[in-house]
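The stops below go from the whole chain to single residues.

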Amino acid sequence: MKRYNLRLTGTIKTLSPIAIVPPNTDEVVRPDRSKYKRIASAVIYEDGLRDNRPVIPGSTLRGRLRRSAVGVYLALSGETIPLGEWHQNAVGGIKGAGSEDAYDVVMRDEIRGRNPILSLFGAGSPWIASKAKIDQAIPIHAVETALVGGVRADDGRRGNGFFEKLDDGAVDEWAAMVSGNTIRTKHKASVAQMQADLRKARKAKDTAEVARIETAIKAAGEDEELAKAMATNPVSMPLLHEVMPMGVVLNHGITLSAVTEEEIGLFFAAFNGFMKGNPAIGQHENLGYGLFSCVYEATIEDVAAFDPFSIGDRGADALGTITLSPFVGFVDVPERIHSAMLAFKVAFEEKAYDFRVITREKGEE
């Protein structure tokens, strides 16, 4: 069976603001006490100068493409699947602490042959290396991120007959909310001041003052009125988030290594499905964020024809330009890519694949 190395090299352009906040990211607190989480970024050096630029992590795109590949499978099968099957294909299962033996290693090729999703994107249990490398997308030029601010509106303060729409208890309930906001604000300021005083007392080694302040902080946390106020739903809450603005052009690349014709077809069917269906990435999709377009130049080479003694160009064949737009999918796609997509569809219809959870026990035929 022939295997190929396929490379996409091109750009991504943001068509709306994008806000991708990685787990455990830093939180920035501004002088006015407003705060926001930093979006994904990377440090680069250009012309000897250090620059921090917002990025689209490869993991973000990879996760969406993998789930889209599962969507292709579901669309072709027309069936629902068990949770375990979804988990295995969409996230690759969970790698356990146990060691792998020779059987696990031998079994991988069999799994790759019958499940192209795991072959392309890998798995954690049993461990299967991924063939799809999705690069981090990095802006071509320096980018100034934007802070978008707002407030959770309090319709009660706006008037305009707001309370006429509500029942008799609404006024008292609204007053409790507003009171809760005031108490919360004062509490945060009070605790912040006590914590600052506590640091000073500790530095001065004033044990009596330290004990007094610690008691006061504990009492503030046990205050019943405060607990009730903290439990109410805040209104007029300031909101702030950081975004990569629209119009940013980012360098991006994708590499598929030692893939079959059908695996190429599945990958691009997933890419097309992702961009057609729900192409937004990151947070605040309800605000229209997360949209982008892609333009790539595609090259392909037969793995068996690779010559390590050749000088210069690897000898890869140019396939042409691939262009994708949100809610449209492929705008331009080379015929070779399209034929690979059809090859995967034919193989699927011939029931050449098995996407079920790996259940075979070790040593079982």
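Among contacts in the chain between residues at least 6 apart in sequence, what percentage join residues at least 24 apart? The figure is 73% for this predicted model.

**The whole chain**

Start with everything selected and a cartoon view. The secondary structure comes to 10 helices and 15 strands. Of the 365 residues in the chain, 38% are buried. Switch to a surface view next: the chain exposes about 21000 Å², and 54% of that area is supplied by carbon and sulfur atoms.

**A hairpin**

Select residues 41–46, which form strand β4, and residues 49–54, which form strand β5. The two strands run antiparallel and are joined by 6 bridges. Now move to the turn of the hairpin, where 2 residues lie between the strands. D47 takes a positive phi there, near 55 degrees.

**Helix α2**

Select residues 83–91, helix α2. Which residues of this helix are buried? They are E85, Q88, N89 and A90. Then step past the end of α2 to G92, which follows the helix and has a positive phi near 85 degrees.

**The cavity**

The last stop is inside the protein. Rolling a probe the size of a water molecule over the atoms shows where empty space is left. How many cavities of 30 Å³ or more does a search of the whole structure find? The search finds 1. About 30 Å³ of space lies in the largest cavity.

To display the lining of the largest cavity, select these residues and show their side chains:

- I12, L61 and L65
- H252 and I254
- F271 and F274
- F292, C294 and Y296

Colour the elements that each supply at least two residues of this lining: α1 (58–77), β12 (249–259), α9 (261–277) and β13 (292–302). Which of the elements gives the most to the lining? β13 does, with 3 residues. Finally, colour the lining by class: 9 residues are nonpolar and 1 is polar, while no charged residues take part.

Methods
Residues are numbered from 1 along each chain as its sequence is written. This is a predicted model: local features need pLDDT of at least 70, side-chain atom pairs count only at pLDDT 80 or more; totals for chains, interfaces and linings use all residues. Side-chain values use heavy atoms; hydrogens and water are left out. Helices (H or I, at least four residues) and strands (E, at least two) are DSSP runs, numbered from the N terminus. Buried means under 20% relative accessible area, exposed over 50%, partly exposed in between (1.4 Å probe, protein chains only). Contact means heavy atoms within 4.5 Å. Accessible areas come from the Shrake-Rupley method with a 1.4 Å probe; for residues, only the protein chains shown count as cover. Two strands pair if DSSP finds at least two bridges between them. On a 1 Å grid over the protein atoms alone, a cavity is a set of points where a 1.4 Å probe fits but cannot get out, and a pocket is an open set with protein on both sides within 12 Å along at least five of seven lines; lining residues have an atom within 4 Å of a point. Grid points are joined across faces, edges and corners, and a volume is the space filled by probe spheres set on the points. Ala, Val, Leu, Ile, Met, Phe, Trp, Tyr, Cys and Pro count as nonpolar, Asp, Glu, Lys and Arg as charged, and the others, Gly among them, as polar.
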